[in-house]
Amino acid sequence: MESSTEKILITGALGQIGTELTNRLIEIHGEENVVASGLDRWDSTTTNAKYYERMDVTNTQLVRQVIQDYHITTVYHLASLLSGTSEKQALFAWKLNVEPLINFCEMAKEGLINKIFWPSSIAVFGKGIPKENVAQEVVLNPSTVYGISKLAGEKWCEYYFEKYGVDVRSIRYPGLISWKTPAGGGTTDYAVEIFYDAVEKGSYTSFISENTAMPMLYMEDAINATLQLMEAPKENITIRTSYNLGGMSFTPADLAAEIKKEIPGFTIDYKPDFRQAIADSWPASIDDSVAKQDWGLNYEFGLPEMTKDMIDNLKIKLG
Ligand code: AKB
């Protein structure tokens, strides 16, 4: 393997995106150059990382120490509270979703690190915008704690870039679907839970109603997009808030119909909870033409390919 000059820190490395991104970054840059970190105890079953720092990312001094000790150049700052959980812990969500980002931007401003990736979300859009094919530049009007924190984060990214040239890049992820690590606390997470229940029990009760469409993305495509964005030449990056990513758009009913093709006896019923209101305030589909134009965003998985891959892998994983 070629030696890498990049030294990478990943926060939230044991989370849904972090687990898979850490392993891909190790494949690309080598285990010597990747430091995983998280609040939880090290879990060797989910990540291959040689270096793991158990740290609270809101502990500014500790984070700075880790950056210095490992001579980190690039940070993938993924630690975040998702939409459902953020509604229940509003002040903590603000603290976790915004303050560490500013801390990393400060370190980049001082020249301690060169590049930052930070995930935003379709939650930034909110009420009053068209539901379909939402463009990159629209009025953002989030009504959730999570959406407010992501919008603030986007503006901080843009501010640090414009004022200090900090190279911070971001994607507005739609719902992410993966069989490797369960999601936790999100509104789009019905689309992960449904697969576990379909394989284990043959039925699922959805907390999102039958005909609510949301944008979704298979994790493999999400990881590829993240790496493409981070590898793109700096001059190609025209969006310094966060790039729209549309993926695919489907409802719980569409997904259930697709699962039935693989598991014919599968049944679904609907008991919407507080997350329905969150979903109702989000777009149904997104226009991601700017990301396609700027850094070549593309996707491999549509609904049928994703459904088959999820079920095949979960059948093996869950025995
Ligand atoms: C959530 O549902 O909270 C997340 C998101 C769309 O950002 N998956």
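Here is a walk through this structure, from its domains down to one pair of helices. What you're looking at is a predicted model, and the protein averages a pLDDT of 95, with 99% of the residues scoring at least 70. The model also comes with an ipTM of 0.98 and a pTM of 0.96.

Start with the overall layout. The protein splits into domain 1, made of 8-174 + 219-244, and domain 2, made of 177-215 + 247-284 + 302-318. Between the C-alpha centres of domain 1 and domain 2 there are 25 Å. Where the domains touch, domain 1 puts in 24 residues and domain 2 puts in 19 residues.

Now look at that contact from the domain 1 side. Helix H1 (16-29), helix H3 (83-88) and helix H7 (219-231) are the elements giving two or more residues to it. H3 supplies the largest share, four residues.

Next, find helix H6 (residues 190-200) and helix H8 (residues 252-262), whose axes come within 11 Å and cross at roughly 30 degrees. Angles under 35 degrees count as roughly parallel, so H6 is roughly parallel to H8. The H6 and H8 crossing is right-handed.

Which residues make this contact? From H6 you have Tyr-190, Ala-191, Ile-194 and Ala-198, and from H8 you have Pro-252, Leu-255 and Ile-259. In the contact of H6 with H8, seven residues are nonpolar, with no polar and no charged ones.

Key:
Residues are numbered from 1 along each chain as its sequence is written. This is a predicted model: local features need pLDDT of at least 70, side-chain atom pairs count only at pLDDT 80 or more; totals for chains, interfaces and linings use all residues. pLDDT is the predictor's confidence in each residue, from 0 to 100. Axes are lines fitted to C-alpha atoms, for helices over the stretch in contact, and angles run from 0 to 180 degrees between N-to-C directions. Angles under 35 degrees count as roughly parallel, over 145 as roughly antiparallel, 65 to 115 as roughly perpendicular and the rest as oblique. A crossing is left-handed if the near helix is turned anticlockwise from the far one by less than a right angle, and right-handed if clockwise. Two residues are in contact if their C-beta atoms, placed from the backbone, lie within 7 Å. Ala, Val, Leu, Ile, Met, Phe, Trp, Tyr, Cys and Pro count as nonpolar, Asp, Glu, Lys and Arg as charged, and the others, Gly among them, as polar. Domain bounds come from an automatic or database domain assignment.
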